[in-house]
2 protein chains.
Amino acid sequence: MTEAVSRPTLEAVAARAGVSRATVSRVVNGGDGVREPLAERVRRAVEELGYVPNQAARSLVTRRHDAVAVVIAEPETRVFTDPFFALQLRGISKELTAHDNQLVLLLTEGRADHARVARYLAGGHVDGALVFSLHLDDPLPGLIHDAGVPTVFGGRPDWGADTRAADPGVVYVDCDNRGGARAAVRHLLDLGRRRVAHITGALDQTSAVDRLDGYRDVMTDVLGEYDPRLVEESDFTPSGGERAMRELLDRCPDVDAVFAANDLTALGALRVLRARGRRVPEDVAVVGFDDMVPVTEQADPPLTTVRQDIEEMGRLMARLLLRGLSGAREGTDTTAGAQEAPPSEVILPTTLIRRASA
Amino acid sequence: MTEAVSRPTLEAVAARAGVSRATVSRVVNGGDGVREPLAERVRRAVEELGYVPNQAARSLVTRRHDAVAVVIAEPETRVFTDPFFALQLRGISKELTAHDNQLVLLLTEGRADHARVARYLAGGHVDGALVFSLHLDDPLPGLIHDAGVPTVFGGRPDWGADTRAADPGVVYVDCDNRGGARAAVRHLLDLGRRRVAHITGALDQTSAVDRLDGYRDVMTDVLGEYDPRLVEESDFTPSGGERAMRELLDRCPDVDAVFAANDLTALGALRVLRARGRRVPEDVAVVGFDDMVPVTEQADPPLTTVRQDIEEMGRLMARLLLRGLSGAREGTDTTAGAQEAPPSEVILPTTLIRRASA
């Protein structure tokens with residue numbers, strides 16, 4: 001183990017210079033109020049010992065770490081199996097690196113660890129946080145709010161009962177989930193399909209709720225009403241998509257189209273349709289959401305889907321946070337109405353990408 | 001944006017109590033040397049303002065964060081596409097969470113960012129670091145050594161020209177790369193194959209060098225000599241495996257077996273063999289390394305490989321680091337010979353797993 005013992009401490013410098021720790025700290029951090037001969041003695045001791053100032057001490061003064069935390073409110077197993085998160089992190093990583101900021105990814109095993117994450121965020125180790133994949137009633141936003149850490153959220157937050165964090169100044173980036181879902185369902189109806197099913201995402205997340213609303217909008221608009229048995233709740237995973245597709249086929253054998261809440265769900269549905277001998281798109285047309293290339297292109301058949309630019313979403317989150325931080329550093333007024341104020345919400349557009357499945 | 005302005009500062013407490021910042025800091029951190037009426041005034045101000053001590057200040061005194069950094073010396077794109085890293089992080093995450101330590105994953109775009117990572121590590125934000133996938137001549141170990149951060153390495157480090165970090169007390173966890181490679185090649189020779197090729201990993205990593213050495217050991221032992229044209233350098237990726245397999249088939253069309261440096265490389269080789277009409281294992285037998293389940297089980301044909309327990313490797317790295325840290329905290333002598341001293345190297349065994357490909 002590389003031991004810390006060889007590193008000269010502030011105490012050692014103080015002893016060498018014959019001054020107090022506070023005096024060393026003041027000199028090292030460029031503060032005033034230390035007489036010149038004393039300051040010179042400290043600087044000489046720093047040089048002789050090869051002392052490197054502890055950044056924790058430094059940051060007490062400068063309040064800058066050039067580091068940004070990323071918190072994905074999912075267990076680490078999910079973070080590493082759902083390509084959505086890798087794409088979002090790619091955008092964040094590029095943007096932070098371009099500004100020489102360190103990306104600090106805080107991983108957890110699950111919601112029980114969120115208090116520890118909030119402790120770390122409150123601990124003065126980062127300048128701000130990017131938080132995404134929140135679920136309803138997660139204590140994290142409230143804890144982060146109390147910790148006073150500047151934050152940009154990915155996805156529209158729903159605070160539920162925890163109103164502490166329901167700040168009107170909250171900044172978030174999202175895509176047009178409802179509009180994208182409408183385009184998907186309208187496309188299926190335009191193909192002449194009438195028994196259009198929807199496999200939802202995790203309904204404790206606003207993205208899933210908004211996509212379900214978009215489905216309902218169009219089904220009601222065009223058909224006057226819709227059959228609630230055509231909606232099956234799921235969780236954004238391939239296995240969840242498989243389970244839901246089996247349920248739908250058992251309950252409504254006449255289903256002729258499926259709008260899946262994301263591409264991974266659609267892949268699960270495609271597997272079940274193939275296993276049950278239903279041709280896609282001839283018997284059942286399928287549309288996904290996200291456009292997770294190359295998965296969507298390599299699907300059998302290639303998947304028609306609603307594209308959102310996930311990497312760009314990550315990049316934008318990072319950009320908004322850094323802009324807000326530099327505004328705060330320069331003492332710019334970042335409250336509503338000020339020139340430099342970040343917008344409280346940024347909604348990215350979606351596009352329907354037509355491939356073979358619908 | 002959630003603003004930090006509402007959070008009372010140390011300065012505010014000092015102003016309220018009519019004392020210096022240093023006095024507030026001393027009281028808050030439980031230090032001595034502050035007279036009782038003054039200390040009482042500070043405590044009252046803390047309570048009235050609802051001041052939460054900044055952990056950066058606190059940690060200057062306690063030197064504990066209950067947080068451990070993980071650094072994977074690869075670009076983040078690789079971290080999220082090679083399942084090896086996800087498995088190792090799984091083991092680390094489980095162990096750290098069991099000890100209520102926060103996993104802090106420091107992502108980079110590449111080696112150019114390693115100085116920034118070292119700065120963060122030196123900044124007093126974590127108690128120690130787990131560092132893996134080092135490449136020869138990476139400045140990171142030297143920088144980490146200078147930062148004085150207790151570290152456990154994954155994989156035997158090769159310092160190259162940078163001898164700063166070549167500390168005899170360095171702790172690392174690895175698997176028996178050379179022994180595993182020997183078992184793989186011996187198995188192929190036992191099957192009666194004589195033109196056994198090897199597709200190497202990235203040869204600036206010790207794992208790749210050790211596996212190549214194991215291949216050479218057995219080929220020389222059994223055949224007396226080996227044909228160097230049967231060795232093709234690659235980089236542990238599927239596309240690298242494809243490229244190398246094409247080279248090998250062009251150069252040595254009589255190749256009848258391949259030992260690939262890892263499973264991802266073997267998958268690439270399998271794809272090329274299929275495309276060139278070579279049957280596996282009838283024409284060419286293939287063995288991988290790692291046993292990345294379920295990829296190896298789902299390969300066509302299922303892949304014979306050398307298993308190492310990657311998740312356990314991560315768990316062990318975390319355990320050794322935490323043990324070393326708690327030894328240091330309790331003032332236990334952690335130098336060589338002491339009871340609590342972590343071993344300087346832990347080598348995990350490997351097992352040959354036979355499936356259909358060889």
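In chain B, strand β8 (residues 257-260) and strand β9 (residues 285-290) pair in the parallel sense over 3 bridges, where strands are DSSP runs of E with at least two residues, numbered from the N terminus, and two strands pair if DSSP finds at least two bridges between them. Within this pairing, Phe259(B) stands opposite Val287(B) in β9(B). Both strands belong to an open sheet of 6 strands of chain B, which follow the order β7-β6-β8-β9-β10-β12 with mixed pairing. The edge strands of chain B, β7 (231-232) and β12 (351-353), each pair on one side only.

The model is predicted, so that local features need pLDDT of at least 70 and side-chain atom pairs count only at pLDDT 80 or more, whereas totals for chains, interfaces and linings use all residues. Residues are numbered from 1 along each chain as its sequence is written, chains are lettered from A in the order in which they are written, and side-chain values use heavy atoms, with hydrogens and water left out.

A search of the whole structure finds 0 disulfides over all chains, a disulfide being a pair of cysteine sulfur atoms within 2.5 Å. Cys175(A) counts as buried because its relative accessibility is 4%, and Cys252(B) is likewise buried, with a relative accessible area of 1%; buried here means under 20% relative accessible area, computed with a 1.4 Å probe on protein chains only.

How values were computed:
Buried means under 20% relative accessible area, exposed over 50%, partly exposed in between (1.4 Å probe, protein chains only). Helices (H or I, at least four residues) and strands (E, at least two) are DSSP runs, numbered from the N terminus.
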